[in-house]
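Open the model in your viewer and keep the selection panel handy. We will go from one stop to the next, picking residues as we go.

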Amino acid sequence: MTLALAVLLGFAAGIAAGMFGVGGGILFVPTLVALGLGQVEAQATSLAAILPTVAAGTWRQASYGNVRWKPGLVLGLASVAGVLGGAQVALSLPEDVLRRLFAVLLFAVAVQVAWRARSR
C-alpha cells in the first residue's frame, strides 16, 4: 500500500510540475509524514525526489526555448547555499517546531494562490 501511494504521489507531483511549473514539495512532504517519515526525513526525501522532475522539466522546456540559462544557473548556485544553510537550521530545530513552520509555509502559499486568483 505504501509503495502504491508513493508511486501515485510521484505521478501526481510530476503532473503538477509539468502543468504549473511547481515543485512537488507541497505534495510530497505532508504525504511522506503521513506515511510515517519524520519531518526532517520527509523534507530531505522530497528534495531528492524533485531532482528528476527538475531535470525532465528543464529538458522539455529547453526544447521549446523557454529556459534562460544564465539566470537559471545563478539561481541554482545561490539555491545550493540556501539549501545548505536551511538544512543546518532544520536539523537544529525540534521536529514539532519544524513541522509547524512547514504548516505556516503551506498556509502562506495557499493564501497567496487564493489572493492571486481573486485579483484576476
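## A walk through the helices

Start where α2 and α3 meet: their crossing is right-handed (a crossing is left-handed if the near helix is turned anticlockwise from the far one by less than a right angle, and right-handed if clockwise). Select residues 25-34 for helix α2 and residues 39-63 for helix α3; they pack at an angle of about 140°, with their axes 9 Å apart. The angle makes α2 oblique to α3, where under 35 degrees counts as roughly parallel, over 145 as roughly antiparallel, 65 to 115 as roughly perpendicular and the rest as oblique. Axes are lines fitted to C-alpha atoms, for helices over the stretch in contact, with angles from 0 to 180 degrees between N-to-C directions.

Now show side chains. On α2, the contact uses Gly25, Phe28, Val29, Leu32 and Val33, and on α3 Gln39, Ala42, Gln43, Thr45, Ser46, Ala49 and Ile50 (contact means heavy atoms within 4.5 Å). These residues divide into 7 nonpolar, 5 polar and no charged; Ala, Val, Leu, Ile, Met, Phe, Trp, Tyr, Cys and Pro count as nonpolar, Asp, Glu, Lys and Arg as charged, and the others, Gly among them, as polar.

A word on what you are viewing: this is a predicted model, in which local features need pLDDT of at least 70, side-chain atom pairs count only at pLDDT 80 or more, and totals for chains, interfaces and linings use all residues. Residues are numbered from 1 along each chain as its sequence is written, and side-chain values use heavy atoms, with hydrogens and water left out.

Zoom out next. The protein chain has 5 helices and 0 strands (DSSP runs numbered from the N terminus: helices are H or I, at least four residues; strands are E, at least two).

Then select residues 95-118, helix α5; its axis comes within 9 Å of that of α3, crossing at roughly 50°. This makes α3 oblique to α5. Look for Gln39, Val40, Glu41 and Gln43 in α3 meeting Glu95, Leu98, Arg99 and Phe102 in α5. By class, that contact has 3 nonpolar, 2 polar and 3 charged residues.

Which way does α2 pass α5, left-handed or right-handed? The crossing is left-handed. Select Gly25, Ile26, Val29, Pro30 and Val33 of α2 with Arg99, Phe102, Leu106 and Val109 of α5 to see the contact.

Last stop: the charged end of Arg118 sits over the ring of Trp115, 4.6 Å from its centre (the cut-offs are NZ of Lys or CZ of Arg within 6 Å of the ring centre and within 35 degrees of the ring normal).
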